[in-house]
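Visitor: I would like to learn how to read a few features of a fold. Could you walk me through them?

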Amino acid sequence: MAHAQTSTAFTAVAARKTFGNSLTAEQVRPSPSFVSSTTSSSTASATSKGKRDWPLPVRTYVQRCFAEENILPDVKLQEMEVKLKQVISKAVESGTLAVVDWDNLPLPQMMIREEHARAPSARLPSSAIPPSGVPTSTLHGANELNSKKRKSSETGPVDDASSRTPPWSQADSRNAFESRISYPDKRPRNEAGRENGSSKSFQILDGRKKRFEPTARGTSPVRPWRISTAQEPPPQEREGPIVGRCQELEKKYFRLTSAPNPDTVRPLPILEKTLDHLKRRWKQERNYSYICDQFKSLRQDLTVQRIKNGFTVNAYEIHARIALEKGDLSEYNQCQTQLRALYAQKLGGHPAEFMAYRILYFLHTSNRIDMNDVLADLTPTEKQDRAVKHALETRSALALGNYHRFFELYLDTPNMGAYLMDMFVTRERLAALSAICRAYKPDIKLRFVTEELGFESDDESARFICDNGAQHLLEERDDGVRLVTGKASTFFEPALKAASARPGTKLLA
């Protein structure tokens, strides 16, 4: 009986504090043979011819990797070994073994931890990450249960009322109906938990998100182990203008697809000789395709060397005049755009002349917006220039429909503005001829048409009328050839609409 009182029904066992066996420092610390095998295996190709003498910083770096104080419980030893081999092999292959700062280079386990942090798994709640020292297989079953619970709470409110009802309320059957008609909190459980401070997982998740947010400037910090190799030229050597070394006067134009080669670029003294050579060739041969190609090549050499002076302005002005003479508006526009920037720097040239060309060009294209900008930017001094004053009077004549004044200005155009006016004079002649046919009845002399529309002879005016299909309106009489305007009426209106419908040739007014 006494024996029964002293004996117990169970045997006391010490409580288990962990789910698995944690690694001790003696188990983690590698043997010296592993250190030598790591460095030798990572550079097998380099030591195939003989034994390699590793620098002291490399050996010290390997020893630090396996030091007890540097072991991380969340990084596997095998994973750290593989990363260490990769770091040393990369340095040997790139030839930077002696360049890398091994004393400040992060350890492989730190690199692995950072890679894990950047992985998508780092965004999961802390409850989904197993604690350090616990094997994954031990928590596999628990994770399955937790995942089911998380699904029910994350996807939305639970339909089962028993999951929200306390046990003492379920036991009392008399309060079942009262529990069903209660007013539960309709807010999501994660918001309620966050507001009440009862869920630590959301607080940890918020802290983790803030830790991985980008910096204020939106750029990630520069890693110290990303060392630029010696083969990469410094930025200051790639920037800045070049100085050409080519001594040839003529060079074909090629569109650049890479950095310019100084051996194919002509310096400024050679470019000055090239410009004189091209002016002589243009006067002798008048070969525009050749001259245009050579001028584009000259302009390219000026651009890559960033040469902006009086010579640059002169080269662009000469090319623009030649393009106007041949009716090449594409090249003219390119030169005009560059000249505007050069004139703004007060580098000389003839800004008033090309301002007049610009106004006449906008009359040709009927560009009202840019025309208004030009008129607003004109200074009183520029308005007194003969070429600019002529261009402004031409614009005023077209705006008022004064064809008589327009053709007077057309026959007295300064500089090379006549080449621009030739591009839209046909349109204005059709408009004037249509107005004459409506105003003068029943007929008029052909000589009147010749004088009013700025033709050089009656034959030229008659040819213009016939080219527009109105040869039946010309009649030979005793006092000369007359245009029967009574039959014309609106005959020239379709031709005028066709001329106005062409791109960039609409009537200004």
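The dialogue below goes through a sheet, a helix pair and some single residues.

Visitor: What kind of model is this?

Guide: This is a predicted model, where local features need pLDDT of at least 70, side-chain atom pairs count only at pLDDT 80 or more, and totals for chains, interfaces and linings use all residues. Residues are numbered from 1 along each chain as its sequence is written, and side-chain values use heavy atoms, with hydrogens and water left out.

Visitor: Let us take the sheet. In what order do the strands of the open sheet run?

Guide: First the terms: helices (H or I, at least four residues) and strands (E, at least two) are DSSP runs, numbered from the N terminus. Two strands pair if DSSP finds at least two bridges between them. Here 3 strands make an open sheet, ordered S1-S3-S2, with antiparallel pairing. Strand S1 (443-445) and strand S2 (474-477) are the edge strands, each pairing on one side only. From one strand to the next, the twist averages 35 degrees.

Visitor: How many bridges hold S1 and S3 together, and which residue is the partner of Ile444?

Guide: S1 pairs with strand S3 (residues 480-484) over 3 bridges, in the antiparallel sense. Leu483 in S3 is the bridge partner of Ile444.

Visitor: And what joins S2 to S3?

Guide: A hairpin does, through 2 residues. S2 and S3 are antiparallel and share 4 bridges, and Val481 in S3 stands opposite Glu476.

Visitor: Now the helices. How should I describe two that pack together?

Guide: Two packed helices are described by the angle between their axes and by the distance between the axes. The axes are lines fitted to C-alpha atoms, for helices over the stretch in contact, and angles run from 0 to 180 degrees between N-to-C directions. In this model, helix H16 (residues 329-344) packs on helix H17 (residues 351-365) at an angle of about 135 degrees, and their axes are 11 Å apart. That makes H16 oblique to H17, because angles under 35 degrees count as roughly parallel, over 145 as roughly antiparallel, 65 to 115 as roughly perpendicular and the rest as oblique.

Visitor: Which residues make the contact between H16 and H17?

Guide: Contact means heavy atoms within 4.5 Å. From H16 come Leu329, Tyr332, Asn333, Gln336, Leu339, Arg340 and Tyr343, and from H17 come Pro351, Phe354, Tyr357, Arg358, Tyr361 and His364.

Visitor: Is Glu353 buried or exposed?

Guide: Buried means under 20% relative accessible area, exposed over 50%, and partly exposed in between (1.4 Å probe, protein chains only). Glu353, which lies in helix H17, has a relative accessible area of 11% and so is buried. Leaving aside residues up to four places away in sequence, Glu353 touches Arg321 and Asn415.

Visitor: What should I note about the backbone at Arg306 and Lys346?

Guide: Arg306 is not a glycine, yet its phi is positive, about 55 degrees. Arg306 sits in the loop between helix H14 (288-304) and helix H15 (310-325), and counts as exposed at 56% relative accessibility. Lys346, also not a glycine, has a positive phi of about 55 degrees. Lys346 is found in the loop between H16 and H17 and, at 73% relative accessibility, counts as exposed.
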